[in-house]
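My notes follow in the order I took them.

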Amino acid sequence: MREVTKINSRWLFCEGDLKVDRPFTKGPVYSQSKTERKLQGPASYNHNDVPEGWGFGTRELISIGWQWVDLPHDYIINKTPEKNENNTTGYFKYTNGWYRKHFKLEESDKDKRITILFEGISTHATVYLNGCLMKHNFCGYTSFEVDITDNCYFGEKENVLAVYVTTDEFEGWWYQGGGIYRDVWLTKTDRVCVDLYGVYARPLKVDDNNWTVKFETTIRNDNYDGRAKRITAKSVIMDKDGNIVGEAQGNVLLGAKEKGVAKYEAKVENPALWDVDDPNLYTVHTTLIKNGKECDEVTDRIGFRTAYCDPDKGFFLNGKHIKIKGVCAHQDFGLTGLAVPDNILRYKVQLIKEMGANGYRCSHYPHPTATMDALDEMGFIVMDECRWMESTDEGIAQMEMVMKRDRNRPSVIFWSLGNEEPHHKTEVGQRINKSMYRRAKQLDPDRYIMAAVSNADGCKIFGCLDVIGVNYNLRLYDDIHKTYPDRAIFASECCATSTSRGFYYDGDPDITKTAYANSIDHDTNAWFMGRENTWKFLCEREWTLGEYQWIAFEHRGETYWPRLCSQAGAIDLFLQKKDAFYQNASHWTDKPMVHLMPHWNWCGMEGEEIKVAAYTNCSELELFLNGESLGKKEIEKFGHGEWVVPFSKGELKCVAFENGKIVAEDVRKTSGKSYALKLKLENDNAVKAGDIALFTCYVVDEEGNVVPDAYPFVRFFTNAKGVIVGTGSDVCDHNPVNLPERQMRMGAISIAVKLTGAEGELKLYAESDGLNRAMIKY
């Protein structure tokens, strides 16, 4: 039966292009024309890769620079940003690198199919096994499988897997890292097995009580002999309690080295529906039977739901109208680059759910499996996006990868064929789009196909899509709606308003000329409208489906020195909530809330007028300074409260009312001098080796009040249970991110601690000259 093993531990890594002397005689040149083409260098079987400091073993220690690493691994992120490097990729110097993995296979594995699945390598990769070329991959965002069956050694002789990573092809989007940054899986199966992403389960509603699940299971016969085999595929659908709610089976006849598709249907009565508020999931267990015996099994998940985009009324999920409250997101994390463990990917989805979002755009490429799983489980309306708008063999293969991987997911409602392509306005682009659309419909007849279009004026592909996604261009929405009355429209990207955590000064509105931007919402220009005005615009038009706001999290790159990242996120580069997080909550959640800005530490500016603002979902606000009312304000829907208040030390409080009753309040106090460091845990889902526990370090005064504008230099330490892999506070800090010490900016430092697997509690310590130390256990 199928055996799947994560092989993330103990890889050998060497940064740079290792020099291999060019042979000058016939023999070495001739030998490279054979199957085992690499007989020397880092791709070869016998290359010396003993890490420095490990002494002389069975090999003579002649190689320099090899080190042990665990995956996921991004070898770019810990470099020092340099002003003369490219701003769009984060001011890092990008280099190439080599990975090698030694492993053994049992003699009993000889009759099995052996594959290795790379979920993501940035940017381009060439894979070798035992000196033999196995695979080229030309996209840093797509997963790919390498069948190594024919080239393996079994028994005592080890196998050597070598991966050459090149980063000199800028593929985008923005910071692109370098290395094997997602999980790698070794899979052993019978020679007759389910293909990669081979089970397509398609729930279709028959009537109010009954559903049909149509199955297409792709099966492969990798035996060498020519005898045809009749294979039975049996799929069982189970609810969350393990009860069988439907099952069916089908057959296919396969000759050696053939693929085939078994088609069959299962009936399901009254399933619990998948919804954004109640995301019910079902498990599909598929078994292959050969000669009366089970030979392979795989597990998938599905959900039962209907989705309809009405050109005049908007989006309906299971017949209920829903406005999409979505965010775009990139996959990186400011403290670890592209190498993000699954528990942090999940935590990021939890954060945007807390913010009130119900939509997620995979901008602009297939996102990690762990992210997609979390989106299914937490109830998001997902726009799943292809990396390249290309109808070449390579482009179609990349589109097929993401669609086959994700087409069982109930969260995926839209397939996006590309983002902001200049060819959206050309006949070339129209032809490419039509080719991609046709293949996409063959892969998934049910979901909506669209593209994220910024060249909306004169776009030539709108008529070739199921729904219309528009990036920015609010001024064109009404005209597009009139021109394409049979197409639903939504904001596939909007806002992109730059704000900086804790910054409340009015600077140059041109973010290319300043390090920080005012944290209070504002319109940058007619293209980059603020969150408030964008959301009001879309909600005034019932026919819009909603929005995918740019962007959930600040991301490295797409910036200007001295900043290292974009400032458009509602959550900052180090996963600290910005004021925009609470503004979104005021638009997207119903529980009464109010969020008051700015901090109230303006000592030395007594009497100066300070702009005070409050985000709320309530109808009335009242502001108090030191107990004295500064007046009530009625708040329009999706609006905010705003005052101008001369600064005076003390307590600023905003009270929210609904129907004359107090339902929420928020307070800002003038703090005393910094007195002590404090630590708090942000996520509680770090449970195993490789997971990251994320902490925040902050400062309090002697009375325990938070000091929001504290700027101490802080040093961090852990016990053997964890390793500090990243610290961050200021988006203009150019020190390497993996340093265990950091200058605090505006009262907060994020600390990422990777669990080692050692026994006992994790302990994190913080110290700073002149302040009381802090320690936290986890």
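I count a charge as sitting over a ring if NZ of Lys or CZ of Arg is within 6 Å of the ring centre and within 35 degrees of the ring normal. With that, I found Arg-387 over the face of Trp-388, at 3.9 Å from the ring centre. I also noted Arg-745 over the face of Tyr-516, at 4.5 Å.

Confidence next. This is a predicted model. I read a mean pLDDT of 95 for the chain, with 97% of residues at 70 or more. Residues 53-62 stay under 50, and I see 16 contacts beyond four places in sequence for them.

Then ring pairs. I get 29 aromatic pairs in the structure. Tyr-282 and Phe-304 have ring centres 5.1 Å apart and planes at 90°, so I log the pair as edge-to-face. Tyr-282 is in strand β18 and Phe-304 in the loop between β19 and β20, 22 residues apart. I checked accessibility: Tyr-282 is buried at 7%, and Phe-304 is buried at 0%.

Trp-535 and Trp-588 have centres 6.2 Å apart and planes at 75°, so this pair is edge-to-face. It links helix α7 to helix α8, across 53 residues. Trp-535 is buried at 2%, Trp-588 at 4%. I also logged one aromatic cluster, formed by Phe-315, Phe-414, Tyr-448, Phe-490 and Tyr-548.

Last, helix α2. It has 13 residues and reaches 19 Å, close to the 18 Å expected. Its buried residues include Ile-344, Tyr-347 and Leu-351. I found α3, α8 and β39 among the elements that cover the buried residues of α2. Just after α2, Gly-356 takes a positive phi of about 105°.

Key. Residues numbered from 1 in each chain as written. Predicted model: local features only at pLDDT ≥ 70, side-chain atom pairs only at ≥ 80, totals over all residues. Heavy atoms only, no water. Helix = DSSP H or I, 4+ residues; strand = E, 2+ residues; numbered from the N terminus. Expected span 1.5 Å × (residues − 1). Buried < 20%, exposed > 50% of the residue type's maximum accessible area, 1.4 Å probe, protein only. Contact = heavy atoms within 4.5 Å. pLDDT = per-residue confidence, 0-100. Phe/Tyr/Trp six-rings, centres within 6.5 Å; stacked < 30°, edge-to-face > 60°.
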